[in-house]
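Q: Can you walk me through this one? I'm new to reading structures.

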Amino acid sequence: MEHTDHLNDRELYILLLDDILLEEMAFQSGEMNLACHIDLIGSGSDEDNYIYLKYYADEDDRTLWIKEFPDESIPGRERLPFDRDCRLPKPDPGENFDVH
């Protein structure tokens with residue numbers, strides 16, 4: 001899971017229970033190792049793009065966004081209110097995962 005640092009614990013918990021964990025996911029059986037990747041702002045929606053630009057995008061990404069979408073205004077950059085992502089479990093890079 002990534003891009004959770006803009007949410008407080010309660011907001012993340014509600015999002016997980018009411019939305020994300022209700023989505024059906026197909027897992028294949030067999031000897032293949034699988035990893036599930038959940039990006040909380042990866043939908044490409046206007047709201048997710050706004051959150052990305054406000055909290056996660058660095059200056060290079062913000063500059064590129066302005067060049068690609070000159071008619072759109074972007075939010076001012078704000079510091080992430082929480083620091084959770086760095087402590088979330090990550091797949092072991094030494095394992096062979098098929099990421100979907």
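A: We'll go from the overall fold to the core, the surface and the salt bridges.

Q: Ground rules before we start?
A: This is a predicted model, where local features need pLDDT of at least 70, side-chain atom pairs count only at pLDDT 80 or more, and totals for chains, interfaces and linings use all residues. Residues are numbered from 1 along each chain as its sequence is written, and side-chain values use heavy atoms, with hydrogens and water left out.

Q: OK. How many helices and strands does the protein chain have?
A: Three helices and two strands. Helices (H or I, at least four residues) and strands (E, at least two) are DSSP runs, numbered from the N terminus.

Q: In what pattern, along the sequence?
A: The protein chain reads α-β-α-α-β.

Q: What share of the residues is buried?
A: Of the 100 residues in the protein chain, 25% are buried. Buried means under 20% relative accessible area, exposed over 50%, and partly exposed in between (1.4 Å probe, protein chains only).

Q: And the accessible surface, what does that come to?
A: About 7800 Å² for the protein chain, with 50% of it belonging to carbon and sulfur atoms. Accessible areas come from the Shrake-Rupley method with a 1.4 Å probe; for residues, only the protein chains shown count as cover.

Q: Which residues make up the largest nonpolar core?
A: Six of them: Leu-7, Leu-12, Leu-16, Ile-20, Ile-38 and Leu-40. A nonpolar core is a set of buried Ala, Val, Leu, Ile, Met, Phe, Trp, Tyr and Cys residues joined through side-chain atoms within 4.5 Å.

Q: Let's zoom in. Where does Ile-38 lie?
A: In the loop between β1 (33-35) and α2 (46-56). Ile-38 counts as buried, at 18% relative accessibility.

Q: What is Ile-38 in contact with?
A: Met-1, Glu-2, Ile-20 and Met-25, leaving aside neighbours within four places in sequence. Contact means heavy atoms within 4.5 Å.

Q: Switching to helices. What do the buried residues of α2 pack against?
A: They pack against α3 (59-68). The buried residues of α2 are Asp-48, Ile-51, Leu-53, Lys-54, Tyr-55 and Tyr-56.

Q: How many aromatic pairs does the structure hold?
A: One. Trp-65 and Phe-69 form a tilted pair, 4.7 Å centre to centre with 45° between the planes. Rings of Phe, Tyr and Trp (its six-membered ring) pair if their centres lie within 6.5 Å; planes under 30 degrees apart count as stacked, over 60 as edge-to-face and the rest as tilted.

Q: Are those two buried or exposed?
A: Trp-65 is buried, with a relative accessible area of 16%. Phe-69 counts as partly exposed, at 31%.

Q: Last topic. What is the count of salt bridges?
A: Three. A salt bridge is a side-chain nitrogen of Lys or Arg within 4 Å of a carboxyl oxygen of Asp or Glu.

Q: Which residue forms a salt bridge with Asp-9?
A: Arg-84, with the closest N and O atoms 2.9 Å apart. Asp-9 lies in helix α1 and Arg-84 in the loop between α3 and β2, so the pair ties together parts that are 75 residues apart in sequence. Asp-9 counts as exposed, at 57% relative accessibility, whereas Arg-84 is buried, with a relative accessible area of 10%.

Q: And Lys-54?
A: Lys-54 forms a salt bridge with Glu-78, and the closest N and O atoms are 3.6 Å apart. Lys-54 lies in helix α2 and Glu-78 in the loop between α3 and β2, so this pair ties together parts that are 24 residues apart in sequence.

Q: Where do Glu-59 and Arg-62 lie?
A: Both lie in helix α3, three residues apart, about one turn of the helix. Glu-59 forms a salt bridge with Arg-62, the closest N and O atoms being 3.8 Å apart.
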